[in-house]
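Subject: Structure handover

Hello,

I am passing this structure on to you. Please look through it first; my notes follow below.

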Amino acid sequence: MTEQSLHRRRFLLGGAAVGAGALLTACTSNEAPAQNNAANVANAGSNSQPGTPVTIGFSAPAADHGWMAAITKNARAQAQKFSEVTLNATEGTNDVNQQISQVETLINAKVNVLVILPFDGKALTAVGQQAMDAGIQVINLDRVFDTPLAYRTWIGGDNYRMGVNAGNYIAQQMKAKNIASPVIGEVAGIDSLPLTQERSKGFKDALARQGFQVGPRVSADFTPESGEKQTSNLLQSAAKLDALWNHDDDQGVGVIAAINNANRKNFLMVGGAGSKNAMNLIKSDAEPLKATVLYSPSMASSAISLARLLGQGKGAGDFAEHEIPAEITTYSAVVTKENVDKYMDVGFDS
């Protein structure tokens, strides 16, 4: 996500696991005239029934990372839930030019709606706008295009809030333990990426509000190997550590390996994204990992549901508006031992 995406108006979902069901049948607490309520309930019911056939084109990067693999897996699984939906999915690629070519093929095939998670949002902006100009509505998934002219609806995660929620949880735990000046470490992702910068800024800001600060910090590249190497370096440089936030549960496999190899378990750790492996460790309560902050690939499921509704000219359940929102941001819930069972269904394989 870019700086632009942080300041635009967002429609917030109350949890990362919000998918088709919530959009189709979501309830509101606002009272309204009985006539309007009846119309909305009828709309919700009709949305859940098979409608006009819709062909959805889908394009995403290569499934070379647990989170990215889950994006494509979730998209395919969600499409199969709707008898009237045909999913035309391209082979994932990290080659920008190849992804552009694949999207152009979907445009030429005259799919009804496109769901695109671009490898590089800026680089694929033009082809997104090409689709929109051709009358094909585009769902821009997570990595945002440079202009809203390239998409009808954007849906994705909130990197800044992810860092904020990680920082708030750690600050709360430090205060509960009466640790006045904790040493708080950070294993970030790739520092050159805006998403890493936003996560780190949110983390720093949240800690600062509680009178704390980020201590030893390293940057990995979202792989277990880099997570293990960089965490080993961090642990060697930090004789004392009270808490550690790791941005990504895939690289967290290596982070935990480094912690175990160093026999350093006298601090708490928070993960990021929400893998099944992380959730199982949190549930067992046997490792330093006590929480993970969601950045869930369930957003791909919701993107397919949105594409179906757009293709059928429908709105979102019993919302008062007649149209699908222009922007939807999933929420970075904090998963702990107390609530982990609630979120297991959106965990992904790392």
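A cavity here is a set of grid points where a 1.4 Å probe fits but cannot get out, and its lining residues have an atom within 4 Å of a point. The model is predicted. With cavities of 30 Å³ or more counted, there is 1.

The cavity

The volume of the largest cavity is about 40 Å³. Its lining consists of N246, D249, G252, V253, I256, M269, N277, A278, L281 and L289. The largest share is that of α10, with 4 residues. Sorted by class, the lining of the largest cavity holds 6 nonpolar, 3 polar and 1 charged residues.

A243 has L268 in β10 as its bridge partner. Together, β9, α10 and β10 form a β-α-β unit that is right-handed.

Strand β10 (residues 268-273) also contains A273. The phi of A273 is positive, near 105 degrees, although the residue is not a glycine. Most residues other than glycine have a negative phi. A273 counts as buried because its relative accessibility is 3%, and the cut-off for buried is under 20%.

The largest pocket holds about 860 Å³ of space. It is lined by 32 residues, and those closest to its centre are F119, R143, L193, L195 and F222. Helices α4 (66-79) and α8 (194-209) each contribute at least two residues to the lining. By class, the lining of the largest pocket has 15 nonpolar, 7 polar and 10 charged residues.

F222, one of the residues closest to the centre of the largest pocket, sits in the loop between β8 (214-219) and α9 (224-237). F222 is not a glycine, yet its phi is positive, at about 75 degrees. Is F222 buried or exposed? Its relative accessibility is 13%, so F222 counts as buried.

Strand β4 and its neighbours

Strand β4 (residues 113-116) has V113 and V115 pointing one way and L114 and I116 the other way, and all of these residues are buried. Strand β2 (residues 54-59) runs parallel to β4, and 4 bridges join the two. In that pairing, V113 of β4 stands opposite I56. Strand β5 (residues 137-141) is likewise parallel to β4 and joined to it by 4 bridges, and here the bridge partner of V113 is Q137. Between β4 and β5 the chain passes through helix α6 (residues 125-133), in a β-α-β crossover that is right-handed.

Regards

Notes: Residues numbered from 1 in each chain as written. Predicted model: local features only at pLDDT ≥ 70, side-chain atom pairs only at ≥ 80, totals over all residues. Heavy atoms only, no water. Buried < 20%, exposed > 50% of the residue type's maximum accessible area, 1.4 Å probe, protein only. Pairing = 2+ DSSP bridges. Right-handed = clockwise from strand over helix to strand, strands pointing away. 1 Å grid on protein atoms, 1.4 Å probe; cavity = no way out; pocket = protein on both sides within 12 Å on 5 of 7 lines; lining within 4 Å. Points joined across faces, edges and corners; volume = space filled by probe spheres on them. Nonpolar A, V, L, I, M, F, W, Y, C, P; charged D, E, K, R; others polar.
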